[in-house]
Amino acid sequence: MPGDHRGQRGLQPDLSGVLRGHRESVAADCYLRDTAPTRIDPALAALGESASGADMLSLAHALSAAVSGAIAYRPGVTHAHTTAAEALELGAGVCQDQAHVFIAACRAAGLPARYVSGYFHSPTARHLASH
């Protein structure tokens with residue numbers, strides 16, 4: 001069923017990206033605030049308002065799909081301080097840019113979101129990096 005975001009068998013919702021068992025100590029409203037990298041401009045607001053969902057999870061999936069369609073993964077076109085607005089205008093960037101655009105779009109849609117980074121490690125990867 002389109003927009004339902006259920007797993008292959010249609011029995012369970014798609015919980016990709018859902019963090020479970022975490023006790024959040026910061027109020028969700030805190031993650032609706034602007035930051036320099038995710039400041040919402042009219043294009044980011046329009047992207048956030050373009051998606052819809054029956055609940056917060058399906059809205060998050062719809063926003064993720066919208067960002068994937070708007071920002072092509074292309075290394076070398078942005079830098080560490082590129083903002084979400086700049087990346088959206090370019091239509092390209094790396095995972096950090098896609099994350100910042102997603103965060104801004106979520107916030108524009110009223111969905112609290114934040115940036116979390118870690119370290120990517122793969123025994124077969126030639127280059128290790130934060131992710």
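Before you start, know that the model is predicted: local features need pLDDT of at least 70, side-chain atom pairs count only at pLDDT 80 or more, and totals for chains, interfaces and linings use all residues. Residues are numbered from 1 along each chain as its sequence is written, and side-chain values use heavy atoms, with hydrogens and water left out.

**Stop 1: helices α1 and α4.** Select helix α1 (residues 42-50) and α4 (95-108); helices are DSSP runs (H or I, at least four residues), numbered from the N terminus. Their axes come within 7 Å and cross at roughly 70 degrees, the axes being lines fitted to C-alpha atoms over the stretch in contact, with angles from 0 to 180 degrees between N-to-C directions. The two helices are therefore roughly perpendicular (65 to 115 degrees). Now show L44, A45, L47 and G48 of α1, which meet V101, A104, A105 and A108 of α4; contact means heavy atoms within 4.5 Å.

**Stop 2: α2 against α4.** The axes of α2 and α4 come within 10 Å and cross at roughly 135 degrees. On the α2 side, pick A60, L63, S64 and V67; on the α4 side, Q98, V101, F102, A105 and C106.

Technical notes:
Angles under 35 degrees count as roughly parallel, over 145 as roughly antiparallel, 65 to 115 as roughly perpendicular and the rest as oblique.
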